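Hi,

Here is the structure I promised to send over. Have a look at it first, and my notes on what turned up follow below.

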Number of protein chains: 4
Amino acid sequence: MRMDWASGLRGRIAAITGPDPDSRLAGATLEALCDRLLSPASASAKLRTASEIHSRFDRMGDESKRAFLLLLAERYTADPERLALAIARYQLDPGGPQLADLHAASEPRRQQILRRLNEVPGGTAMLLAMRTALLRIGRDAPGLAALDADFAHLFASWFNGGFLALRRLDWSTSGDVLAKLMRYEAVHAIESWEALRARLEPGDRRCYAFFHPTLDADPLIFVEVALTAAIPVSIQDILRTDRAPVEPGSATTAVFYSISNCQEGLRGIPFGGPLIKQVMDLLRRELPALKRAVTLSPLPGFARWLAAQPEEAGLVAALGQQDWHRDAALRQPLTQAAARYLLLAAGRDADPVARFHLGNGARVEQLDWLGDTSAKGLRQSHGMMVNYLYDPAHIDANCRDYAEQGTIAASKRVRQLARTMRMRR
Amino acid sequence: MRMDWASGLRGRIAAITGPDPDSRLAGATLEALCDRLLSPASASAKLRTASEIHSRFDRMGDESKRAFLLLLAERYTADPERLALAIARYQLDPGGPQLADLHAASEPRRQQILRRLNEVPGGTAMLLAMRTALLRIGRDAPGLAALDADFAHLFASWFNGGFLALRRLDWSTSGDVLAKLMRYEAVHAIESWEALRARLEPGDRRCYAFFHPTLDADPLIFVEVALTAAIPVSIQDILRTDRAPVEPGSATTAVFYSISNCQEGLRGIPFGGPLIKQVMDLLRRELPALKRAVTLSPLPGFARWLAAQPEEAGLVAALGQQDWHRDAALRQPLTQAAARYLLLAAGRDADPVARFHLGNGARVEQLDWLGDTSAKGLRQSHGMMVNYLYDPAHIDANCRDYAEQGTIAASKRVRQLARTMRMRR
Amino acid sequence: MRMDWASGLRGRIAAITGPDPDSRLAGATLEALCDRLLSPASASAKLRTASEIHSRFDRMGDESKRAFLLLLAERYTADPERLALAIARYQLDPGGPQLADLHAASEPRRQQILRRLNEVPGGTAMLLAMRTALLRIGRDAPGLAALDADFAHLFASWFNGGFLALRRLDWSTSGDVLAKLMRYEAVHAIESWEALRARLEPGDRRCYAFFHPTLDADPLIFVEVALTAAIPVSIQDILRTDRAPVEPGSATTAVFYSISNCQEGLRGIPFGGPLIKQVMDLLRRELPALKRAVTLSPLPGFARWLAAQPEEAGLVAALGQQDWHRDAALRQPLTQAAARYLLLAAGRDADPVARFHLGNGARVEQLDWLGDTSAKGLRQSHGMMVNYLYDPAHIDANCRDYAEQGTIAASKRVRQLARTMRMRR
Amino acid sequence: MRMDWASGLRGRIAAITGPDPDSRLAGATLEALCDRLLSPASASAKLRTASEIHSRFDRMGDESKRAFLLLLAERYTADPERLALAIARYQLDPGGPQLADLHAASEPRRQQILRRLNEVPGGTAMLLAMRTALLRIGRDAPGLAALDADFAHLFASWFNGGFLALRRLDWSTSGDVLAKLMRYEAVHAIESWEALRARLEPGDRRCYAFFHPTLDADPLIFVEVALTAAIPVSIQDILRTDRAPVEPGSATTAVFYSISNCQEGLRGIPFGGPLIKQVMDLLRRELPALKRAVTLSPLPGFARWLAAQPEEAGLVAALGQQDWHRDAALRQPLTQAAARYLLLAAGRDADPVARFHLGNGARVEQLDWLGDTSAKGLRQSHGMMVNYLYDPAHIDANCRDYAEQGTIAASKRVRQLARTMRMRR
């Protein structure tokens, strides 16, 4: 009974491409079909060929999928002779036309195949599924990595910011989109429709997503926002359903407490930064009383990192005790350790959340002891959470400094916490 | 009072990008702005820079526009040193990663600039305007031709078939879109709103257009269709407003009597073939009684071609007489000359309309004496029109044969007409 | 956190009616406000007065509400003197103008008040809430029954069939409407969103509702439909989620298995018959293979009726046994008793479901032993269900005969079942 | 080729009501059909009967239409015996139920027929057409006036303010609605689509209309608004297309320069007051700089009135001269005469425009010499125009005083103009 979107697409493709006057299609090998896609043909013939490839791929097992991906990777690379000639001509006379010819000759021919596969209605979704399969079953062979780079290159162009539509999701959003929110939420799981409603309907809760014109009811990424009176110190406070809602017009703080990507096939295409930027702009226009935008974020690699620091063995041992979180004496050393983690390790390497926000120009603002007391929160980060601050006046500089020199921006208080720790030693 | 869409876009850009914390932007040179677009920066900084470039370009005179386009063309080509290195590495070991690196190194850096300019909301429309300016004022320098090729390459990817939406335009379509139909109709001018209504509202008239998600109220191309009981022999019959409409369900013939591109900035991107294909499919599903799809098309180069044929001097002289069209004796030789024109000259070179339909797989079906008695019709083609036939069973083969061997498909009758003429000599 | 639609309405009213230049409004008694509504005033003054009444009523406790409803009922009846005069004039000369005057003079003046209260944006929803309050707290006084009749009269006019919009509800319907479906389902409760999805998303399940333009996201009534290969014999089969969906195009039977009214304030306004009719027409056009439309309905008064029949004491005793439903010997007598119930009692009086379907022209088609084994089904009707058949060829005659002579249409088999029973005695 | 909306409705009706199993319908007399509508029947039977009546009426000539309207008027009045009984019972015991019964018995039975005719999809539009026919061909017989009153009563209920939707019309509005604007504009004719565009597209021009849910693309009434920097003194200034548009946010004055009813069938239902009120509220919220709302209105009865005043013979004679409008000496006496006309005659009786605005609570603010130099303006009012001012602080009082005492509100300056004149005599 579950929705089979792929069969929906197939139906749509059949309806658009019409009956097939060319019965040879069904008998052709995949190689022949790909060759056909690259040779001159009518618009119909190209569409029929492309949809035949899609529908075969869709029915394949993983073995056959891998074989097809390898075919693309290995057979449809650049033509070496044409390329050698183009190099020779360019070296003889390095002018514009020769350069253009060299660029064209060095393009793997599979890029053109992928472009043609994208022409079919529903083709974009099928290509996403194709790359998802590639990521799952096949990047071991070197050609497959190159094929993946081709996907990424084309997707970056097709899913560029100018083509994305920002939409607010709320309780009047359609059921199928809401069901996807529940499925894709990756940070703080949504247990039930009532829990979902509690994140969408109250006046002090917002949710925004990017959509792409070809993937109508399928969000690419979404962010959940709480409007609050202060920087929050725990996710429990945010998700509590018995709180009194804040009047949106009087809220001072926008809290981005969850960001989730929805499309595995778009891995590596950066939607998060533009999404945060657009939502901040939009909220600032709508709610003039807003003074700051922060996140409430996990430190997913903290516990692992801490366990690997020999000088923290004592702290780690204390954290192994039953009910350690009732021991107020642990608050300071744990918070200091988290500060060190963020400034020394996380922003560099260990922590994708930190890399994401620092890369977007945020700074480490505040550390929250017992900010996430869920099982996952305790396991990954001993309950610590962190607020990153997005300050429009410093975003550009932070972003540049982090990109060019690896500088990690942090509030004075967090810097002191990190330093204190070191001094004590 | 005329609508200033560009200022609309500017407003939208300003609204999205927010206040500019970085006052250096305003004072920067265009070169500095382009450099900035290529260096690491926050999402906001990139958007602000891109919209600064757009808004400056929009205010420039043609001189400055040409200078900016030359800057893109000449300064932001591929980096020769990086490219030389990539070539050397590829030649040493022609593997996948080296090829990918060579392809990347041979890409003119301006392509990345254009992609970033497209990220801004409204950026696609601005880029179309930029290329329109390029086509108007600047393709003389060699670098500008290469720049134009970059535009065309990116547009072909962004405006690929999978991203286009086919919409029917009718009398309930919005006024601004209808006004654009009137403006862009390039084949048979629409004199008034009443004339427009006569092409949209009757049950036996249809109009379809492709739209792109980023250009909401701006069609890319549209086709006007008449549903008739037979292959029409004159445009006058089609445009007559006092006719009795045919009941659509009983029509046997779909006549494509006008196809017009709307976006100069998309010159060379082929929308016409896919449009005809999709409209044919859609009409066939909706109206099962339809038996054939034909065009009613002009022969824009016929009179010029005829004048240049020494052996046709007698015919040309006769056509110079007052009231020649009342002379029935001219019908046969003129029709035969038109057949020769189409089979010998038009499909090869002289006639973009013929090249378009033959390239899409149609065949020359019928010639129409006095089919277009408008001043333009008489001047360009001595009143002759032609019906091309789109026969699904032969489209693919026609298309391939035309592309590969230049074969021009024609009905037996038209082939006889062309041959007879030659025999008489 | 729950949505406060009334405050939403109040906000909307305030926004529309604008600032109040007439500060006397706040201090006026309800009587004065009602008087004001009946005297000449500007459009603004009338809207402000009406919304003042609405917002006061909305904040009142039940005591005050009852007092206000009594005020409407007793003070704003027809003017006796004007009516006496109109009667006298009519009796003197019973012409058209005198009749019109008599009709006007006999109209309770509160009808005009209610019409003016309806002019406010959101006024219709407020009037529904007012009648809901009346039905809950107040129809004991004779005037209140008359007031209720006025509400019913106006609502019947405002909610007439020409103003209703039939919409399909499916999995792409907005979350707030879906939440209302769950809330209002009165026949077979929907336990969870997954259960709701199972009723909306599969190809062989449909749901349709009537909406009114002034109550946008609030359905008036909805019906759930299953498309099946045969007349179903149990609700368990319909609601099972592990079944293989029937291909809609091949379904022969449309089963209306649940109809629920959503608006208590519209009690007595008949939406059900038109809804079934429109849905049948729509399904018949969409799915030409459909051969019949039936219901799968409860017999809510059956157990109570059976218990009151002295001659059925034996059967009733047997039904009191543990596991009686495993006793196949009970199937025949229980089914026969149900047939008698339907033909003798239910259609007359005891059973609103029977009255509804018979009144719409259906006939009793089939009885389903163990058709509803839920706790409620066993308690109310010993697990029996019934299929009513809507046969377009007989609907009109059935409807008329039932209305005029009380004739209950039934299949031959059901008539035999009922007769057999009697004969055995 | 012109749009036949009625046939569209007929098609819709046929589609909804389905095939007719009851072939007696086609042979029945109109009387039999009306009787059928009043007797119990299934939902389908009622809908089929109603649509049969509609489609017959639609095909009738005026003679037959009149006969049908007379049938409604005379045969379907109240039942005299039932009414006599209800009167007797009421007089015996004037309680609530007896009053309700009297009110029901005095209702002409045709009202129920009209309600049932409204149940059909598209029925409302058909009833409007029926009343339009009645207004055109038939109100001479007394029964027809009563029938017209029934139409008006029902329409007032169905088209009440709560059911109307205010929509802005602009250049993105659909072509069919725009075509209706051109057709219905009754004050200052719109010559061409370019002229229409000039009233819709510039930022300082607005147009708003009321729509009813059952008449989707058919506005009921619309108003055209200019945003200006001062009270305008001529319609020429408003309609000029070469002016520099005012930036909307800096406009101080909203000028209602044209209001047109669109539905003859709704004659007498007052939409104008609520439309002006809602538009004023909406503009005030959107444009905080607005300080006042005025009209620029014709004085349609002025010339006729002036000609009938013996003491104005000299002025009238002067106005008969060629080029009188170049004679500045006429400005003062003509303006004074116009002031007298408005304060003494127009607001009372002679001038529907004055009655409309004064009845809505406006006051006479300013008189505009040569405010309308069109042929019509010169003929009807010697070129004079008037600005009525809608001042929220005085609307209610003006409205009440005008309704109750006939007081005509006017600015001090206009009152002086009127007085001066009298004093001079």
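Chains B and C do not touch: their nearest C-alpha atoms are 15 Å apart. Chains A and D do not touch either, and there the nearest C-alpha atoms are 15 Å apart. Keep in mind that this is a predicted model.

Chain D does meet chain C, though. In that pairing, 56 residues of chain D are in contact with 56 residues of chain C. Together the two chains bury about 4600 Å², with 60% of that on carbon and sulfur atoms. On the chain D side, the residues that lose the most area to chain C are His103(D), Phe163(D) and Lys277(D), which together make up 13% of what that side buries.

What about polar links across this interface? There are 16 residue pairs in polar contact between chain D and chain C, counting pairs with both residues at pLDDT 80 or more. Quite a few helices of chain D give at least two residues each to the side that touches chain C, among them H1 (5–17), H4 (43–59), H10 (142–158) and H14 (272–286). The largest share of that side, six residues, comes from H20(D). Sorted by class, the side has 24 nonpolar, 20 polar and 12 charged residues.

Two salt bridges cross between chain D and chain C. One pair to look at is Arg48(C) with Asp396(D), where the closest N and O atoms are 2.2 Å apart.

Over all chains, the search of the whole structure finds 104 salt bridges. A few inside single chains are worth a click:

- Asp62(C) pairs with Arg136(C), with the closest N and O atoms 2.7 Å apart. This one links distant parts of the chain, 74 residues apart, with Asp62(C) in helix H5 (residues 62–75) of chain C and Arg136(C) in helix H9 (residues 123–137) of chain C. Asp62(C) counts as partly exposed because its relative accessibility is 36%, while Arg136(C), at 51%, counts as exposed.
- Asp101(C) and Arg82(C) meet through their side chains at 3.7 Å, N to O. Asp101(C) is partly exposed, with a relative accessible area of 29%, and Arg82(C) is partly exposed at 41%.
- Glu365(D) and Arg363(D) form a salt bridge at 2.7 Å, N to O. Glu365(D) counts as buried at 18% relative accessibility, whereas Arg363(D) counts as partly exposed at 27%.
- In chain A, a network of salt bridges links Glu31(A), Asp35(A) and Arg75(A).

Last, a helix in chain A. H10 of chain A (residues 142–158) has 17 residues and reaches 25 Å from its first C-alpha to its last, close to the 24 Å expected at 1.5 Å a residue. Its buried residues include Leu144(A), Leu147(A), Asp148(A), Asp150(A), Phe151(A), Leu154(A), Phe155(A) and Trp158(A). An α-helix has 3.6 residues a turn, so residues three or four places apart point the same way. And what covers the buried residues of H10(A)? The cover includes helices H5 (62–75), H8 (109–117) and H9 (123–137) of chain A, together with helix H10 (142–158) of chain B.

Cheers

Conventions:
Residues numbered from 1 in each chain as written. Chains lettered and ligands numbered in written order. Predicted model: local features only at pLDDT ≥ 70, side-chain atom pairs only at ≥ 80, totals over all residues. Heavy atoms only, no water. Contact = heavy atoms within 4.5 Å. Buried area = accessible area lost by both parts, 1.4 Å probe. Salt bridge = Lys/Arg side-chain N within 4 Å of Asp/Glu carboxyl O. Polar contact = N/O pair within 3.5 Å; in protein donor to acceptor, adjacent residues only side chain to side chain. Helix = DSSP H or I, 4+ residues; strand = E, 2+ residues; numbered from the N terminus. Nonpolar A, V, L, I, M, F, W, Y, C, P; charged D, E, K, R; others polar. Expected span 1.5 Å × (residues − 1). Buried < 20%, exposed > 50% of the residue type's maximum accessible area, 1.4 Å probe, protein only.
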